[in-house]
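Below is a briefing on one structure, grouped by topic. Please keep the sequence and the 3D view at hand while reading.

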Amino acid sequence: MEIGIYSFGDVQKDATTGELGSTAEATRNLLEAIQLADQVGLDYFGIGEHHTREMPASAATVILGAAAASTKNIKLGSAVTVLSTDDPVRVYQQFATLDALSNGRAEITAGRGSSTESFPLFGHSLNDYDALYAEKLDLLMLINESESVTWNGKFRPALNKAQVVPRPDGGSLPIWLATGGNPQSSVRAGLNGLPISYAIIGGQANRFAPLAELYRRAAAQAGVAPEKIKVSVASPGFVGEDAAKAKDFFWTHWHAVMEQLGKIRGFAPPPRFHYDKEASGDGALFAGSPEEIAERIVKLHGSLGHMRQFFQIDVGQMPHREYLRSIELFGTKVKPLVDAALGDKAKAKEANRDA
Amino acid sequence: MTPEIRSIGILGAGRVGTALARLALAAGYEVRVATARPPHEIALLLEVMAPGAEPLSVEALIATSDIVILALPLSKYRELRPELFAGKIVIDAMNYWPPTDGTIEDFERAASSSEIVQDHLAGARLVRAFNHMGYHEIEQEARPEGDPARRALAVAGNDADARAAVSGFIDRLGYDPIDAGPLMASRNFGVGTTIFGAAFDRTEMAQLLASAHQREAA
């Protein structure tokens, strides 16, 4: 099973002043995190498009391009690209370029975006949320199928035998559909034969098991080839040597980000007991010791059959040193434990579920 | 007079709609679900996400259900045809959330989105409920009567019998219903209030609603 990391480009606090650090430095730190993730054997790094002072990772493919030149094996993707407010032609060109530079390691994850700053930034209306996404996903998939594109829609000018280059050596790019759990999105991914990425960021993680089943059944109904059917999971996580210390440490940063979000969206930040419930058992927050987190990943695999799980560690202005240390532990401790527990069983199970 | 509630019709098959469908099925109700798609297009979705719930057309669902729950994006409310809802007990589980759903002119001036929905569905006996609890909590937090961890849900609407019917439904699902009074009171548990997204038992909820009411009267 693949283990990875994702980030929105969390800005660190200045150690001496306690003020929010610079967005430029945070961008350089993010590149360093990707390089380390590659060195410690992690499989995937995703950058989630955000446009805020606290999370400035707005130009994912530029950072990933730099990472392509300074890493060897790690897959590089978006988590997610806010496709609704971008031009699918441009998105494709950028990721195909990344794919060329990284020798076939680029992936796109297309989402509607749970953060919505990009809508006013690029002149789109949130009232078109669903229609924008449907149309742009349709065009992105078409471009992935063929170099010459003829298309027309509502939100951008028509294309007539337009050439979209460069093309990936592998023929096409992996395009994942990201969803926070709306059942219709699982149906859409299944019917279109797209791999699906579940953002499981709260509540009980195994409540996504029926959605994964729905996805697989919709794909089977549409006659999608089994090798195209893939499930991945994105969730908050933090690993430290000591379980209790890791949970305490992550709580302060998770709480900070929930407080920021709550202010914008009008909800009260969840109290500690709520966090403790979700940071244990079947909960969606994967904070703890390497052994505990590996065990919880393996358990979730039993209900979802996912082939990749990747974690957002850097939230709420986490110091860079602790961030890097946690990435290291995910690679050197968690991944080997998960591999040992699942081994070939995981592959057999994934094959079974696909059949 | 409160009619006996046997069948629950849910408009919307998203996260909230399917969670409420599962809860209502577990509590022994007949459950139907409708979306803008033809019923056969949501058959697989329901078979997996809410086994036992029947896919119906919007018209058939409203006509044959004792309670209709609105669990669709609020931006779609104008597509609901008012004449279908005349006399119906309707639960509004929706919220107005500009940061994620965009600005909708109709709701910018309103203190409570439910009052705008009631204006549109003029003949419906509208009750606002379920809106202040997150969709993944709705299912996980249901508890039997008398359980010390049982949480409270606020209920507001202009028709007392409809409030009573919805309260009975909420109680059977696993929550303590707290009658907040007329629909206007639903602004006290909307987005941005103390109650929204937080957990309270029946005593705390009753106090919070009463003190909000007093502040308004003052």
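Helix H6 of chain A, residues 183-192, has 7 of its 10 residues buried, so it is largely enclosed by the rest of the structure. A residue is buried if 20 or more other C-beta atoms lie within 10 Å of its own, exposed if 12 or fewer, and partly exposed in between, with C-beta atoms placed from the backbone. Helices (H or I, at least four residues) and strands (E, at least two) are DSSP runs, numbered from the N terminus. This is a predicted model, in which local features need pLDDT of at least 70 and side-chain atom pairs count only at pLDDT 80 or more, while totals for chains, interfaces and linings use all residues. Residues are numbered from 1 along each chain as its sequence is written, and chains are lettered from A and ligands numbered from 1 in the order in which they are written.

**Helix H6 of chain A**

- The buried residues of H6(A) are A:Pro183, A:Gln184, A:Ser185, A:Ser186, A:Val187, A:Ala189 and A:Gly190.
- Their cover includes strand E8 (175-179), strand E9 (196-199) and helix H7 (209-221) of chain A.
- Chain B also takes part in this cover, with helix H1 (15-26) and helix H2 (43-49).
- Just after H6(A), A:Gly193 has a positive phi of about 65°.

**Contact between the chains**

- Two residues are in contact if their C-beta atoms, placed from the backbone, lie within 7 Å.
- On this basis, 21 residues of chain B are in contact with 25 residues of chain A.
- On the side of chain B that touches chain A, the elements giving two or more residues are H1, H2, helix H4 (98-101) and H7 of chain B.
- H2(B) supplies the largest share of that side, 4 residues.

**The nonpolar core**

- A nonpolar core is a set of buried Ala, Val, Leu, Ile, Met, Phe, Trp, Tyr and Cys residues joined through C-beta atoms within 7 Å.
- The largest one has 173 residues, and those with the most contacts inside it are B:Leu20, B:Ile69, B:Ala154 and B:Val166.
- Helix H5 of chain A, residues 129-145, gives the most to this core, with 7 residues.
- Neighbours within four places in sequence left aside, B:Ala154 is in contact with B:Ala129, B:His132, B:Ile178, B:Ala180, B:Phe189, B:Ile195, B:Met205 and B:Leu209.
- In soluble globular proteins, nonpolar side chains tend to be buried together.

**Two helices of chain A that cross**

- The axes of helix H3 (residues 88-101) of chain A and H5(A) come within 9 Å and cross at roughly 45°.
- Such axes are lines fitted to C-alpha atoms, for helices over the stretch in contact, and angles run from 0 to 180 degrees between N-to-C directions.
- The angle makes H3(A) oblique to H5(A); angles under 35 degrees count as roughly parallel, over 145 as roughly antiparallel, 65 to 115 as roughly perpendicular and the rest as oblique.
- On the H3(A) side, the contact is made by A:Pro88, A:Val89, A:Val91 and A:Tyr92.
- On the H5(A) side, it is made by A:Lys136, A:Leu139, A:Leu140, A:Ile143 and A:Asn144.

**The sheet of chain B**

- Chain B has an open sheet of 8 strands in the order E3-E2-E1-E4-E5-E6-E7-E8, with mixed pairing.
- Strand E3 (54-55) and strand E8 (176-181) of chain B stand at the edges with a single partner strand each, so one side of each has no neighbour in the sheet.
- Two strands pair if DSSP finds at least two bridges between them.
- Strand E5 (residues 89-92) of chain B pairs with E6(B) in the parallel sense over 4 bridges, and B:Ile91 stands opposite B:Val127 in E6(B).
- Helix H9 (residues 202-217) of chain B packs on the sheet and touches strand E7 (152-157) and E8 of chain B.

**Backbone details**

- The peptide bond from A:Ala79 to A:Val80 is cis, with omega near 10°.
- Another cis peptide bond runs from A:Val165 to A:Pro166, with omega near -5°.
- A:Gln317, which is not a glycine, has a positive phi near 60°, and it is buried, with 20 C-beta neighbours inside 10 Å.
- B:Phe130 is also not a glycine and has a positive phi of about 70°.
- B:Phe130 is buried, with 27 other C-beta atoms within 10 Å.
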